[in-house]
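Hello,

Here is the structure I promised to pass on. My notes on it follow below.

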Amino acid sequence: MHLRKDIIYRILTIILVAAYSLHTSSCASTKAAPSGGPKDTIPPVVVAMVPAENNVSFPIEDGKIEIEFDEYVVIKDANQNILLSPPLKKQVKTKIKGKSVIVSFPEPLDTNQTYSLSFGESIVDNNEGNPYYGLTYSFSTGKEVDSMMLSGTVVDATSLFPIANATVALYLQAKDSTVMTTRPDAVARSDKWGYFTVKNLKRLPYHVFAFTDGNTNNRYEQGSETIAFIDTTITPVKVMGPDSPELKYYDPKDTMACLSRPVEIELLVFKENSKVQFIREDSRFSRRGMGIRFNASDVIIDSIGIDGISNDRLITQKNITNDSLTIWIKGGNKIADTLSLAIKYHKSDSTGTLVPTVEKLKMVAPIEKKQQRRGAKQNAERGKSDKPEKRKDLLEVIVTADNKMVEQEGITLEFKEPLAIMTMDSIKFKMKNPKMIESDVEYTMVQDSLDMTKYVIRPVEKFIKGNDYQLVIPKATFKDINGFTNDSIDTRIALPTDENLSILTLEMRNVDARYIVELVNPSRSQVFRKYIISDDCDLEFPYLTAGDYSIRITEDKNNNGIIDTGEMLIRKQPEKVVLYKLDDGKDIIKIAERTELVQTVDIPKMFGK
């Protein structure tokens, strides 16, 4: 049988088209993977626990826990995430077997003890890394499972910001050093918001501490870690239940939900001042100036001497915490490059006892950098420089006159070294009113009580808004201990006149002690204005730009104007700091443009008196 040519041609055409289609389909498959299903975002699900949770009579030795999931999982950062309460000397052991996590214990458990095992964020699925949050497992080696709980927050004592990942430690019996030497009877860790819940407690009084456990040994390391404690024992009053909000998992990004959790106690974490005394650092920062920094505050110094320099030529200055000493040498034309300084002070011995000790320090004058000398030489050779060359005996003065702060802080003059001569009569303070009438202003110039290189100039009368002020200091008004003199200084000041600026007034009422009142930004990293008060008064915070602010108030018990830290061994809490809160409970004050805002502050109410 013979096929017609047109039929043969048609068949060949069909075969060629089919072959081409198959070829292009095959090629396309090599360039892109076949589309899959939606990404897995569902965390693992627990399908079984062996033995069941809240199991009693758990074996003291060789006991194991198996938690089975509906998919394969992995364990991330077990040491940082998995926490056993009360803790053992060694970390619990975990391994993966199929779809299960196996937990074992490296040492015998205590008898008649309830344990709570928290997994934190350690368990994630094998494929997409979806975490299983908030998994806990409770069991008892005795006949019953303790079911009380205690919740609260851990915050920084000064900033009042939450402390994450702090260890909250509870003890049934506690001596002065227990938190440094003994494993706790129960522990928990704070979350991002500083929140914690200690689970499976007895209805007994506990001593409560919190510390930043950097080496995860469940002990407070004095000197390197921060600490908090409650003054009295706390007996848990809440029973754990399936609907307890303290036990539920909350997404850290859900601010409102996290902040609405029940809080029974607040732990204020502080850094203790070291009690071990020794010279931490010494330096010579200029030909005539040197400094010594001590490890602990309130150093006791018996004597200071420098070879070849009589003591009446020495000027000394301590800082407010008495852990730093600055020494200058006055008089004389030549100071040696290397000085031998002997200091007799009370140093801690190996037992921690302060013992009078003499140490000799080699103080070497700073050497000018080679690059600076080379640049100066090149400029001299060229006979020119980008800037006028400063005279070698120039006394540089830093003048600060912030127009928003000058009413409170005055005009500050800062020098690198102490002054030897000051000609006050040559300084002129002038005022010019809007009618361009100029007059002299009576003023005071006072040396700072803590820094002898700083002076403050203030007019006797208040600054007047709309007037222009001018501070004129002629050349050679000041001469420092090096014999250096200043160039002429002309500083102009005028109070802000921007109509968009606002003012906040605080009516301080029932003031019963000395307090530090500060206007700060919400992060508490910047202080805009500070007052120290001891009686009822009205405090003004003028010239504020629109934005968010907070009011921080500190109880200044020892009247030193700073926030003093606590001491754990003698049960001394840090000076109490609180944030002023509005009627809605928020501590952020939103100030709009052109606003005159008045707030009444009841001190006893704020401090819970």
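Leaving aside its neighbours within four places in sequence, which residues is Phe429 in contact with? With contact taken as heavy atoms within 4.5 Å, they are Ile411, Ser439, Asp440, Val441, Tyr443, Ile457, Pro459, Phe463, Tyr469, Gln470 and Leu471.

Before the rest, the ground rules. This is a predicted model, in which local features need pLDDT of at least 70 and side-chain atom pairs count only at pLDDT 80 or more, while totals for chains, interfaces and linings use all residues. Residues are numbered from 1 along each chain as its sequence is written, and side-chain values use heavy atoms, with hydrogens and water left out.

Cores

Phe429 also belongs to the largest nonpolar core, which has 25 residues. A nonpolar core here is a set of buried Ala, Val, Leu, Ile, Met, Phe, Trp, Tyr and Cys residues joined through side-chain atoms within 4.5 Å. Buried means under 20% relative accessible area, exposed over 50%, and partly exposed in between (1.4 Å probe, protein chains only). The members that touch the most other members are Leu413, Phe415, Phe429, Met445, Ile457 and Phe478. Two or more residues each come from β26, β28, β30 (443–447), β31, β32 and β34 (489–493). Strands, like helices, are DSSP runs numbered from the N terminus (E, at least two residues, for strands; H or I, at least four, for helices). Apart from this core lies another, of 23 residues, among them Tyr515, Leu544, Ile551 and Ile589.

Aromatic pairs

The whole structure holds 19 aromatic pairs. Rings of Phe, Tyr and Trp (its six-membered ring) pair if their centres lie within 6.5 Å; planes under 30 degrees apart count as stacked, over 60 as edge-to-face and the rest as tilted. Phe415 and Tyr455 form an edge-to-face pair, because their ring centres are 6.0 Å apart and their planes stand at 80°. This pair links distant parts of the chain, with Phe415 in strand β26 (residues 411–415) and Tyr455 in strand β31 (residues 454–459), 40 residues apart. Phe415 and Tyr455 are both buried.

The rings of Phe429 and Tyr469 have centres 6.3 Å apart and planes at 65°, so this pair is edge-to-face too. It also links distant parts of the chain: Phe429 is in strand β28 (residues 428–432) and Tyr469 in strand β32 (residues 468–473), 40 residues apart. Phe429 is buried at 2% relative accessible area, and Tyr469 is buried at 3%.

Elsewhere, ring pairs join Phe58, Phe105, Tyr115, Tyr137 and Phe139 into a cluster.

Strands

β26 is largely enclosed by the rest of the structure, because 4 of its 5 residues are buried. Two strands count as paired if DSSP finds at least two bridges between them. β26 is joined to strand β25 (residues 397–400) by 4 bridges, running antiparallel, and Ile398 stands opposite Glu414. β26 also pairs with β31 in the antiparallel sense over 4 bridges, where the bridge partner of Glu414 is Lys454.

An open sheet of 4 strands has the order β1-β2-β6-β5, with antiparallel pairing. Its edge strands, each pairing on one side only, are β1 (46–50) and β5 (93–97). β5 pairs with strand β6 (residues 100–104) over 5 bridges, and Lys97 has Ser100 as its bridge partner in β6.

Charges over rings

A charge sits over a ring if NZ of Lys or CZ of Arg is within 6 Å of the ring centre and within 35 degrees of the ring normal. The charged end of Lys99 sits over the ring of Tyr72, 5.4 Å from its centre. The charged end of Arg571 is over the ring of Phe229, 5.5 Å from the ring centre.

Backbone points to check by eye

Most residues other than glycine have a negative phi, and most peptide bonds are trans. Arg571 has a positive phi, near 55°. Arg571 lies in the loop between β39 (547–555) and β40 (577–579) and is partly exposed, with a relative accessible area of 30%. Asn54, in the loop between β1 and β2, has a positive phi near 65° and is partly exposed at 42% relative accessibility.

The loop between β1 and β2 (64–69) also holds Pro51, which a cis peptide bond joins to Val50, with omega about -5°. A cis peptide bond also joins Ser85 and Pro86, with omega about -5°; Pro86 lies in the loop between β4 (83–85) and β5.

Regards
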